[in-house]
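These are my notebook entries on one structure. I record what I looked up and how each term was defined.

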Amino acid sequence: MMDFFISSAYAQDGAAGAGSPWMSWVMLAGFAAIFYFFIIRPQNKRAKEHRNLIGGVAKGDEVLTNGGICGRVTKVTDEFLLLQVSEGQEMMVQKAALTAILPKGSLKENGLKI
C-alpha cells in the first residue's frame with residue numbers, strides 16, 4: 001500500500017569508463033602552459049625591461065618617476081638618484097621608482113626650466 005506514495009529505488013548499472021588517466025595529466029599540463037604564457041612570462045619580461053632601464057640611467061638623463069615627477073639626473077648611486085626638478089631644487093629618489101627615461105630635451109619642450 002505504501003508503494004503507491006513512495007517510488008522504489010533500484011540500483012543503477014555500473015558507471016561507464018572514467019576516461020584515460022593521461023587525460024588529467026594533459027589538462028594539468030595545458031593549464032600550466034596557459035598560466036606560464038599569460039602570467040609568468042609577461043611579468044618576467046616587464047621585470048627584465050625595468051632592470052635594464054634602471055641599469056642604463058646615467059647623469060644628464062631626463063627621467064620620469066612612478067609619482068609623476070620629471071627631472072634631470074645629477075648623481076647616480078647604487079640605490080638612489082639625485083634629480084634636479086627645477087633651478088636649485090634637487091630631490092633624492094630610489095632607482096626602483098623610475099618609470100621611463102625621457103628623450104633629451106623633452107623637459108624644455110614642455111616648458112620646464114632646468
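Is K104 buried or exposed? I find K104 exposed, with a relative accessible area of 59%. I use "buried" for under 20% relative accessible area, "exposed" for over 50% and "partly exposed" for values in between, with a 1.4 Å probe and protein chains only.

**Entry 1. Provenance**

I note that this is a predicted model, in which local features need pLDDT of at least 70 and side-chain atom pairs count only at pLDDT 80 or more, while totals for chains, interfaces and linings use all residues. Residues are numbered from 1 along each chain as its sequence is written, and side-chain values use heavy atoms, with hydrogens and water left out.

**Entry 2. Overall layout**

I looked up the secondary structure and found two helices and five strands in the protein chain. Along the sequence, they follow the pattern α-β-β-β-β-β-α. Helices (H or I, at least four residues) and strands (E, at least two) are DSSP runs, numbered from the N terminus. Of the 114 residues of the protein chain, 17% count as buried. I also looked at contacts (heavy atoms within 4.5 Å). Among those between residues at least 6 apart in sequence, 45% join residues at least 24 apart.

**Entry 3. Helix α1**

Helix α1 covers residues 21-55, which is 35 residues. From its first C-alpha to its last, α1 reaches 49 Å, close to the 51 Å expected at 1.5 Å a residue. The expected span is 1.5 Å times one less than the number of residues. Where does α1 bend? I locate the bend at Y36, with a value of about 40°. The bend is the angle between axes fitted to the seven residues ending at a residue and the seven starting there.

**Entry 4. The sheet**

In what order do the five strands of the open sheet lie? I read the order as β4-β3-β2-β1-β5, with antiparallel pairing. The edge strands are β4 (89-94) and β5 (98-102), each of which pairs on one side only. The twist averages 45° from one strand to the next. The axes behind this angle are lines fitted to C-alpha atoms (for helices over the stretch in contact), and angles run from 0 to 180 degrees between N-to-C directions. Two strands pair if DSSP finds at least two bridges between them.

I then went through individual pairs. Strand β1 (residues 62-65) pairs with β5 in the antiparallel sense over four bridges, and L64 stands opposite A100 in β5. β1 is also joined to β2 by three bridges, and these two strands run antiparallel. β2 and β3 pair in the antiparallel sense over four bridges, with K75 opposite L82 in β3.

**Entry 5. The two hairpins**

β1 and β2 form a hairpin with four residues between them, and G68 in the turn has a positive phi of about 90°. G67 lies in the loop between β1 and β2 and is exposed, with a relative accessible area of 69%. The C-alpha atoms of G67 and T99 are separated by 8.9 Å, although these residues are 32 apart along the chain.

A second hairpin joins β2 to β3 through three residues. E79 is placed in the loop between β2 (70-76) and β3 (80-86). At 55% relative accessibility, E79 counts as exposed. Which residues does E79 touch, not counting those up to four places away in sequence? I list V93, Q94 and K95. E79 and Q94 are 15 residues apart in sequence and 5.9 Å apart in space, C-alpha to C-alpha.

**Entry 6. Salt bridges**

How many salt bridges does the structure hold? I count two, taking a salt bridge as a side-chain nitrogen of Lys or Arg within 4 Å of a carboxyl oxygen of Asp or Glu.

In one of them, K104 pairs with D61, the closest N and O atoms being 3.3 Å apart. K104 lies in the loop between β5 and α2 (106-109) and D61 in the loop between α1 and β1, so the pair ties together parts that are 43 residues apart in sequence. K104 is exposed, whereas D61 counts as buried at 12% relative accessibility.

E62 forms a salt bridge with R72, with the closest N and O atoms 2.8 Å apart. This pair links distant parts of the chain, E62 in strand β1 and R72 in strand β2, ten residues apart. E62 also stands opposite R72 in the strand pairing. E62 counts as buried at 3% relative accessibility, and R72 is buried with a relative accessible area of 18%.
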